[in-house]
Amino acid sequence: MGWNLIRLYAVLVYLFMFLPVAVVVLLSFNASQFGAFPMTGFSMRWFVALWENDAVMRAFRTSLLLGLLCALISTTLGILASLALVRYRIPGRNLITTVLIAPILVPEVVLAVSLLLFLNFIGIGKSFLMLLAGHVIFTLPFVILVVQARLVGIRRDVEEAALSLGASPRQTFFSVTLPLLMPAVAAGALFAFTISFDNITGTLFWKPGGVETVPTQIFAMLRHSISPEINALGTVMIVLTVGLPLLGASLARWLSMKRGV
Amino acid sequence: MGAVNLSDVVKRFGDFTAVHRMSLEIPEGSFLTLLGPSGCGKTTTLRMIAGLLDPSEGDIDINGRRVNDLPIHKRNLGLVFQNYALFPHKTVAENVAFGLRYRNVSRADIARRVQEALELVRLPHLASRYPAALSGGQQQRIALARAVVIEPDVLLLDEPLSALDANLREEMRVELKNIQKRIGVTSVFVTHDQSEALAMSDQVVVMSEGRIEQVGAPQEVYNTPASEFVARFLGAANILPAEARGIEGETMVLDVPGLPRLGIPRSRAPRLAGAGAARLVIRAEKLALTPVDAPADDRVSVPAMVEAVDYQGQSARYFLRIGEGENTHQVQAINMIDERPFAEGEAVSVRVRPRDCAALPLGTANGGGGSAA
Ligand SMILES: Nc1ncnc2c1ncn2[C@@H]1O[C@H](COP(=O)(O)OP(=O)(O)OP(=O)(O)O)[C@@H](O)[C@H]1O
Ligand SMILES: [Mg+2]
């Protein structure tokens, strides 16, 4: 009896969480003009409409570029920062860690506004680069957290063994440390990409005029009407931001299974 | 001149001195063991030779060349760790080939030398496995193959057997010693296990608190310990207060309170110049228990009382009370059991050959130098 109640409760919670998402996905395949039930038939027309909508495609390309660059920069910086923090005794290590992780803890709006004000203050206007910088600040903590956790688990003596065998510190990094770090690097890059791709708050503050990302584009479209195109766009976003990490995770699992570690 | 030379090497971590002014000569091709309790500075010393730590003072030479400023990857060393430290993302063959890739060895030669190294450790069939799919003993053999395939000038081993279980450890120590002998590489081995040190080494360096207590061949450090610390650390030893009376010919005469006068060969008391306070050292296995009525032989015999028996199967460890009146001493004896062990409370006679005893001067803080021949 008690267990059944708990089961029911769990089902309700899941329904509450995923039903809206399911509705969006379902309605994106609706043939009707109106984004509402009942469905009148299965159709890909809203996806075609998206494809033909220049504004949406532009936003999509912007988001993609932004996400990829952000992932690249965040991951590179994140690896370097983690190496410095974990492998070397640098003064003020704790302080530096806290500062690097802080963007997760500070409310996003506050961070967005302060970066905007700061850049205005030093006389840098809004630009794509600034938007990118903002996204890097947001995503860097996640990369550092995953990479650091993995780096702590890489035994120092494996690197020492490589050194003793004649590999220079650089060669040791590229032939031992980085390959062992790869799952975390990949996870960090995926995190960075999806967070950047999803981000709206910061983006609204930082984006230069005329530039839209997918989330700000949806936001803008919602102000005019609730078109079923938005459902289709939502479906695409779900596929990207959920599917990509899942794909990455199974790839990592497959790789490590091959090695038996 | 040794293959490895330490001269007046000091290592400080902040205020703490981990290694005090250590000098050591390690001859070409020899197997030298750093032996001592946890925290005595063995690993620190080894890591300085490896180039993983910089000495605070002093010089380290390898093959006559000062290497203080030479980074580890240019020292041509083989390093073997307690936890194997194999590259988990590389196969066994790739692990072994790793060092050759940085040495201008042709592809064909790499393949051949990897094969030879794997045959040396008797695991050629595992070449394509990943380390996670190997047992501890196999991993350690691969680590050894990886270290020796580059033909290092010195092989450094930090407790390579400690992570293995007891049976495997003994098997591996024989094998390790064989391989070392076969390829003749100068080796420095770190352990806190005295039986490993005695079984494998040409020279044993006994260390305590960052200082060398004694350097010598295994038999030498075992039979004629240079200090009370060495006597206690290597096996079970009885250490009794004694008074050296002087030298008579080739004999050193000693009195232990409550026991009859004892003359031991002078060679067993090399550090005792003449009369004075001393310590008598008798190994627990050299004390033999006999029934009180056993016929006399060439051994010195004193009456004793069995206070406790620690039964160990084929042997037993006895705790005995010897001496008279106020001057009694507890000693321990480890004897093979003949028929039945002696019982608690039994009166026995305990015997020892004078040449199985050793004597030390009292209170020689035996610090500082020392060098292997
Ligand atoms: N990086 C360090 N900073 C400060 N003290 C250190 C450092 N490394 C070692 N020590 C100290 O130096 C002493 C010697 O350490 P070492 O690792 O050489 O001991 P060991 O003989 O190898 O012991 P064990 O048998 O436990 O491995 C210890 O007291 C240790 O605490
Ligand atoms: Mg150690």
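1. S16(B) supplies three residues to the lining of the largest cavity, the largest share; strands here are DSSP E runs of at least two residues and helices H or I runs of at least four, numbered from the N terminus. A cavity is a set of points, on a 1 Å grid over the protein atoms alone, where a 1.4 Å probe fits but cannot get out, and lining residues have an atom within 4 Å of a point.

2. This is a predicted model, in which local features need pLDDT of at least 70 and side-chain atom pairs count only at pLDDT 80 or more, while totals for chains, interfaces and linings use all residues. Residues are numbered from 1 along each chain, chains are lettered from A, and side-chain values use heavy atoms, without hydrogens and water.

3. About 180 Å³ of space lies in the largest cavity, a volume being the space filled by probe spheres set on the points, which are joined across faces, edges and corners. Of its 15 lining residues, the closest to the centre include Leu259(B), Ile282(B) and Val352(B).

4. The second largest cavity, of about 40 Å³, is lined by residues including Val80(B), Gln140(B) and Leu144(B), and helices H4 (136-148) and H5 (166-183) of chain B each supply at least two.

5. Leu144(B) and Leu156(B) are among the residues that touch the most other members of the largest nonpolar core, which has 105 residues; such a core joins buried Ala, Val, Leu, Ile, Met, Phe, Trp, Tyr and Cys residues through side-chain atoms within 4.5 Å, buried meaning under 20% relative accessible area (1.4 Å probe, protein chains only).

Key. Buried means under 20% relative accessible area, exposed over 50%, partly exposed in between (1.4 Å probe, protein chains only). On a 1 Å grid over the protein atoms alone, a cavity is a set of points where a 1.4 Å probe fits but cannot get out, and a pocket is an open set with protein on both sides within 12 Å along at least five of seven lines; lining residues have an atom within 4 Å of a point.
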